[in-house]
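Subject: Handing over the model

Hello,

Here is the structure to take over.

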Amino acid sequence: MANITPRKNKDGIITSYTIRVYHGYGKDGKRLKPYTMSYKPAPGMTARQIEKELNRQAVQFEEQCRNGMTGAAGKLRLSDISEQYFEAMKGKLSPTTYSNYRSIADTAILPAFGHHKVSELKPVHVQEFVKMLSAAPMLKANGQPYPDGRTASPATVKRKLAVLQSMLTFAYKLGYISSNPADTRRLTLPKQIQPEIQIFTKQEAAYILNCLKDEPLQFQTIVQLAIFTGARQGELVGLKFSDVDFFNNKLTISRSAYKLKGEQVRTKSPKSDKERTVALNSSCMGLLKELMKQHAEEAQRARQPMEGRQLDIYPLER
């Protein structure tokens, strides 16, 4: 009997359903990992229509699993592959990338292709998807389109297409399809103009630092560290005083802070999973010593330990 579990968004509204089919136990006596698929109701469906279609999908999926996944491969839809793909990607993608991929799949890919049998997807279908993405209105932070009617940039189209390509590569590796219909060699993509990288001149950096003189100490410190170390935003937010070598004037970057929507700030390994050590100038070191002294006084007043204390930089907001 298939097991059906609703998936809700942060407002508690059901957006899709996960259908699981269990198939016994392994030689070690542990239950085998179930086959899973995802079902996303079409917009406008009534509760009765959703229930009827959901039960039909569950019965059909259970029958496919009973006949063996290899035999059912030709009938698998992209929504079936989706849950397997994201289950496999949990430990491979960073939390923020995983969350972004999930969002793109739920809002763009599955509404367009979720009902398609993977074996029947052709480059022409993917090309139409690219065309649709290119014509989609660009949205502001509040979710509203720009009044001038601007559409999605080539970079946005490429980013969303990359998720579909990854999902179909996964299906190809598992033998569900004989080739990847989203291979860029078989598609015509909108031309992407590489933006010119702008960096501060010495005069601009000096002007910024001069403007900081009357700002709180923590802001002076974070901006100087950003300018002189080139560290990423999350890496700066994740810094602790224990990362500073006050004797040799060096800073070790070993973690990066991130924040998913609706969750607390967490840390992960820095990009490329490698920590690095950078030298600091006397100006940065002076600010860090002042900031640490400030923290030590606050910790003493609050009777709290200094060990593991962060640089008091405001957490990432999304």
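Two terms come first: helices (H or I, at least four residues) and strands (E, at least two) are DSSP runs, numbered from the N terminus, and two strands pair if DSSP finds at least two bridges between them. The model is predicted: local features need pLDDT of at least 70, side-chain atom pairs count only at pLDDT 80 or more, and totals for chains, interfaces and linings use all residues. Residues are numbered from 1 along each chain as its sequence is written, and side-chain values use heavy atoms, with hydrogens and water left out.

Strand 4 and strand 5 form a hairpin, with four residues between them. Strand 4 covers residues 244-245 and runs antiparallel to strand 5, joined by two bridges. Val244 has Leu251 of strand 5 as its bridge partner.

Asn249 sits in the loop between these strands. Its phi is positive, near 55 degrees, and Asn249 is not a glycine. For context, most residues other than glycine have a negative phi. Asn249 is partly exposed, with a relative accessible area of 31%. The cut-offs are these: buried means under 20% relative accessible area, exposed means over 50%, and partly exposed lies in between (1.4 Å probe, protein chains only).

Strand 5 also pairs with strand 8 (residues 276-279), antiparallel, over four bridges. There, Leu251 stands opposite Val278. The three strands make an open antiparallel sheet in the order 4-5-8. Strand 4 and strand 8 are at the edges with a single partner strand each, so one side of each has no neighbour in the sheet.

Which residues of strand 5 are on its covered face, and which on its uncovered one? Leu251 and Ile253 are on the covered face, while Lys250 and Thr252 are on the uncovered one. In a regular strand, side chains alternate between the two faces of the sheet.

**Strands 2 and 3**

Strand 2 pairs with strand 3 in the antiparallel sense, over five bridges. Thr18 stands opposite Ser38 of strand 3. Strand 3 (residues 35-39) is mostly covered, with four of its five residues buried.

Arg20 belongs to strand 2. Arg20 is partly exposed, at a relative accessible area of 26%. Arg20 and Ile4 are 16 residues apart in sequence, yet 6.5 Å apart in space, C-alpha to C-alpha.

**The largest pocket**

First, the terms. The search uses a 1 Å grid over the protein atoms alone: a cavity is a set of points where a 1.4 Å probe fits but cannot get out, and a pocket is an open set with protein on both sides within 12 Å along at least five of seven lines. Lining residues have an atom within 4 Å of a point. Grid points are joined across faces, edges and corners, and a volume is the space filled by probe spheres set on the points.

The largest pocket holds about 1,700 Å³ of space. Its lining has 39 residues, and Ser99, Arg102, Ser103, Ile104 and Thr107 lie nearest the centre. Which element gives the most to this lining? Helix 4 does, with 11 residues. Strand 1 (3-8), strand 2 (14-21), helix 4 (95-113), helix 5 (123-135) and helix 6 (154-173) each supply at least two.

By class, the lining has 14 nonpolar, 11 polar and 14 charged residues. Here Ala, Val, Leu, Ile, Met, Phe, Trp, Tyr, Cys and Pro count as nonpolar, Asp, Glu, Lys and Arg as charged, and the others, Gly among them, as polar.

**Aromatic rings**

Rings of Phe, Tyr and Trp (its six-membered ring) pair if their centres lie within 6.5 Å; planes under 30 degrees apart are stacked, over 60 edge-to-face, and the rest tilted. By this rule there are four aromatic pairs.

One of them is Tyr85 with Phe170, edge-to-face, at 5.7 Å centre to centre and 75 degrees between the planes. This pair links distant parts of the chain: Tyr85 is in helix 3 (residues 78-89) and Phe170 in helix 6, 85 residues apart. Both Tyr85 and Phe170 are buried.

Phe86 and Tyr98 have ring centres 5.7 Å apart and planes at 85 degrees, so this pair is edge-to-face. Phe86 lies in helix 3 and Tyr98 in helix 4, so the pair ties together parts 12 residues apart in sequence. Phe86 and Tyr98 are buried. Ring pairs link Tyr85, Phe86, Tyr98 and Phe170 into a cluster.

Best wishes
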